[in-house]
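This briefing is meant to be read alongside the sequence and the model.

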Amino acid sequence: MTVNQEERLYPCSFVIFGATGHLATTKLLPALYHLEQAGRLPAVTNFIAYARREWDDATWLAHVEATLRGSLADKFDREIYGRFARRCSYVRGDLHDTEGYRRLLEEISKPKTGVCSNLVFYLAIKPSDFGTVAEQLAAVGLNRPRGLHRLVVEKPFGEDLESARVLNEVLHRHFDEHQIFRIDHYLGKETVQNLLVFRFANLMVEPLWNRNYIDHVQITVAECAGVETRAGYYDQVGALRDMLQNHLMQLLTLAAMEPPPALEADALRDEKVKVLRSIRPIPRRALHAHAFRAQYAAGNMGGRQVPGYQQEAGVEPDSVTETFVAAKLLIDNWRWRGVPFYLRTGKRLARQQSMIAIRFKHPPQQLFQETPLENMDPNWIVLRLQPAESMHLEIHARQPGLGLHTRMIQMNAGYRGDGERAIDAYEALLLDVIRGDATNFIRFDEVEWAWRVVDPVLKFWAQERDFIHTYPAGSWGPEEANRLFEWEYQAWRNDA
Ligand SMILES: NC(=O)c1ccc[n+]([C@@H]2O[C@H](COP(=O)([O-])OP(=O)(O)OC[C@H]3O[C@@H](n4cnc5c(N)ncnc54)[C@H](OP(=O)(O)O)[C@@H]3O)[C@@H](O)[C@H]2O)c1
């Protein structure tokens, strides 16, 4: 965990499989450069690219420089780049080719800035290749010693409960659980990490954070983008697997968990698992009351006409893959029984916005019953995760003037002070990997319990292939998503 933890620098050789791909180019290289810029890399740190193109160190470095110049624009700094580039080397190899792994072994034994026993293997490749790489690394002995060698795997981890278990079994043949770092970049976001500080470092929050005071919780991750270039992947996966099973469920666990006894990886993850295990299974007969899916149709995004999902390049014209999903989850424990958690995510929605919104109950006192205040709005706490992270509290105050009228005051707190740089989630997470801190990574039982929650929905939808609701691009999703609410007064909150 980054909070209150002693900062130590660990020498490390960091190997990127899939170094020429989209993730490595857009996220990993800029994040590693920023760690260099922040002085967080020890002198002995090597970045080894493993890829199949017929390149050598010089071609790789030309690619790295062009990538960084492109993403950093005028923030690109020659001197920092010079320091960064001295750590970089390239190993040519196919993921399935044992000879490539021998060359990798050789490079690891004489890397650019010095040998180190702390090895990270980052799998920025398709999940179906994770098992092959684990096996090939083991074949050349790169999975040992088990304490120091780590495997970082990207989402999605499986496509349902069964496939996640199979994948896990394959990885566990060669790597122990504590060596496997399953990444969910939402856990590296500063405001997500701030959620724990907000809940557990502020005495006034904790007493209210339960079923006695909270009416319901909404977690929204809204995207403006459509499927863009990812149709080949997305059309097979959909919003439930791509977003809700991982990012939104992780936000739910952090919002709902009990305080862990210590800020240690396993203590924190134990509490998250308890939340997931307490989620009431969704029975088949009540599925429509708990889960809703839809797909974007053509519409207008900020004055621009955009095509519907089925018209996007690479999407099957009769696809019923959901681009919008909403779910109601009930957590049957002492803290949350009876408090619905509404989760919602979608593409081509009206605004790019992620937030956790907590709606409080009405005060029990009927003091204002005969006054104009009878229908007072409830209090809310809204934690905005993006854009522009902030926290705001909505409370009533008397409106100045004659008569008893109130107005809702919004107490806004920007999260970042002037001049404080936003840290990309990958930057924080890569530093954690280098230090071997697994707090912000997902343990397999978390993955497994999250799949258990969504599996019945996936199975049900897999059989209902002839119809899907639609919503115009640029809207907040279909009206029909309101059917999930327990009570008539509940409604989606769209502003953060
Ligand atoms: N892109 C994102 O923003 C994003 C976000 C979240 C999670 N992820 C996850 O991250 C992983 C990578 O995604 P991506 O978007 O970066 O994919 P990508 O752009 O398709 O990149 C895949 C990489 O794997 C390499 N590769 C494929 N087959 C290979 C082989 N047989 N031997 C050697 N290298 C091989 C490709 O090399 P070539 O360049 O030579 O083809 C490329 O570098 C996936 O698990 C994805 O689900 C990605």
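The points below are grouped by topic.

This is a predicted model, in which local features need pLDDT of at least 70, side-chain atom pairs count only at pLDDT 80 or more, and totals for chains, interfaces and linings use all residues. Residues are numbered from 1 along each chain as its sequence is written, and side-chain values use heavy atoms, with hydrogens and water left out. Helices (H or I, at least four residues) and strands (E, at least two) are DSSP runs numbered from the N terminus.

- Five bridges join β4 (residues 119-123) to β5 (residues 149-153) in the parallel sense, and Leu119 has His149 as its bridge partner in β5.

**Helix α4**

- Helix α4 (residues 98-109) has 12 residues and spans 17 Å from its first C-alpha to its last, close to the 16 Å expected at 1.5 Å a residue; the expected span is 1.5 Å times one less than the number of residues.
- Its buried residues are Gly100, Tyr101, Leu104, Glu107 and Ile108; buried means under 20% relative accessible area, exposed over 50%, and partly exposed in between (1.4 Å probe, protein chains only).
- Viewed down the axis of α4, these buried residues fall within an arc of 115°, so they line one face of the helix; the arc is that of the directions from the helix axis to the C-beta atoms.
- The buried residues of α4 pack against β1, β2, β3, β4 and α5 (130-139).
- At the start of α4, Asp97 places a side-chain oxygen within 3.0 Å of the backbone nitrogen of Glu99.

**Ser89**

- Ser89 is located in strand β3 and is buried, at 1% relative accessible area.
- Its side chain makes a polar contact with the side chain of Glu107 (2.9 Å); a polar contact is a pair of N or O atoms within 3.5 Å, where within protein one must be able to donate a hydrogen and the other to accept it, and residues adjacent in sequence count only if both atoms are side-chain atoms.
- Not counting residues up to four places away in sequence, Ser89 touches Phe47, Ile48, Ala49, Asp57, Trp60, Glu107 and Lys112.

- β8 (residues 291-297) and β11 (residues 324-330) pair in the antiparallel sense over four bridges, and the bridge partner of Ala294 in β11 is Phe324.

**Asp242**

- Asp242 belongs to helix α8 (residues 231-256) and is buried, with a relative accessible area of 2%.
- The side chains of Asp242 and Tyr233 make a polar contact (2.9 Å).
- Leaving aside neighbours within four places in sequence, the contacts of Asp242 include Lys155, Arg230 and His247.

**Loops: cis bonds and positive phi**

- The Lys155 to Pro156 peptide bond is cis, with omega near 0°, and Pro156 lies in the loop between β5 and α6 (161-172).
- Gln386 and Pro387 are also joined by a cis peptide bond, with omega about -10°; Pro387 is in the loop between β14 (380-386) and β15 (390-398).
- Ala388 is found in the loop between β14 and β15, has a positive phi near 45° without being a glycine, and is exposed at 52% relative accessible area.
- Arg348 is not a glycine but has a positive phi of about 55°; Arg348 sits in the loop between β12 (340-346) and β13 (353-360) and counts as buried at 9% relative accessibility.

Technical notes: Two strands pair if DSSP finds at least two bridges between them. Contact means heavy atoms within 4.5 Å.
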